[in-house]
Amino acid sequence: MPLLRFDNVSKRYANREALVDVSFSVEPGEMLFVTGHSGAGKSTLLRLIHLTERPSRGTVLLADRNLGKTRGRRIALHRREIGVVFQDHCLLADRSVADNVGLPLLLRGLPRADTAKRVRVMLDKVGLGDRGGALPHQLSAGEQQRVGIARAVVGEPTLLVADEPTGNLDPTLSAEILSLLESLAERGTAVLVASHDLTLVRRMRKRVLVLDNGRLVDDIAPTELAP
Ligand code: ADP
Ligand code: ADP
């Protein structure tokens, strides 16, 4: 059973068709990209997954739950199951790196000692084991983005969605961030990355969904990508 399924999904804002009849599915642990020019509909597609928007037509299913029908308390439960990474990682400036990463766990009531333990493991995984006590501004841009990723996955989501996670980073750091996301996918978290950077995307040799003016115009398997 696919983890995520879009079935003939369309999304219309007031006067703009942002997604038109989009269908695809994602298997557990799969890593893939969604690409396309600015305005193609990438962010809208991600918003339908973390439920900041709902489809105008069609259905979005996560593990067979119809997200368009998720209401009230279930929205918060749903958001715990997915991790979200943004271009501007949105870290709390006056809290330490460790506090930022642990926040989602404390919010859901995990005891402090357990939270601290999981934060340590997570910071090690993203290569920031010795920076837990630092404030975000004391870290480089690439390190800050790794903190954002750590915070997104500390709750062990089944799906991680990332919107232009390398948007502010140079090519070397971008490649590092994408390999970090790849290693998460290898541990079983499905990872869906929106990026307009085709060169970077192609280099990863993963499945690529191509949006053009809200339409899914291509769904490229890794084997189709020329070396
Ligand atoms: P991308 O992430 O690929 O740049 P978006 O999903 O942000 O694309 O936008 C797709 C289209 O929908 C664009 O034409 C954009 O202007 C429009 N759009 C996005 N968000 C809104 C909104 N909240 N209200 C109205 N139009 C929007
Ligand atoms: P009740 O309707 O008695 O509250 P449950 O809470 O067990 O029953 O769930 C009812 C339905 O709600 C389930 O079939 C499931 O698809 C959906 N559901 C459960 N958990 C979530 C969640 N985290 N997000 C969205 N839907 C959920």
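The following chat concerns the surroundings of two ligands in a predicted model.

Reader: Which conventions apply here?
Author: Residues are numbered from 1 along each chain as its sequence is written, and chains are lettered from A and ligands numbered from 1 in the order in which they are written. In this predicted model local features need pLDDT of at least 70, side-chain atom pairs count only at pLDDT 80 or more, and totals for chains, interfaces and linings use all residues, while side-chain values use heavy atoms, with hydrogens and water left out.

Reader: Which residues are around ligand 2?
Author: They are Arg-65, Thr-70, Arg-74, Leu-77, His-78 and Glu-81, where being near requires a heavy atom within 4 Å.

Reader: How far is Arg-74 from an oxygen atom of ligand 2?
Author: A polar side-chain atom of Arg-74 is 2.7 Å from that oxygen atom; a polar contact is a pair of N or O atoms within 3.5 Å.

Reader: And how much of ligand 2 does the protein cover?
Author: The protein covers 42% of the 560 Å² of accessible area that ligand 2 has on its own, by the Shrake-Rupley method with a 1.4 Å probe.

Reader: Turning to ligand 1, which element gives the largest share of its shell?
Author: That is α1, with 4 residues; helices are DSSP runs (H or I) of at least four residues, and strands (E) of at least two. Both β2 (16-26) and α1 (42-49) supply at least two residues of this shell.

Reader: What about Ser-43?
Author: An N or O atom in the side chain of Ser-43 lies 2.8 Å from an oxygen atom of ligand 1. The protein covers 66% of the 560 Å² of accessible area that ligand 1 has on its own.

Methods:
Polar contact = N/O pair within 3.5 Å; in protein donor to acceptor, adjacent residues only side chain to side chain.
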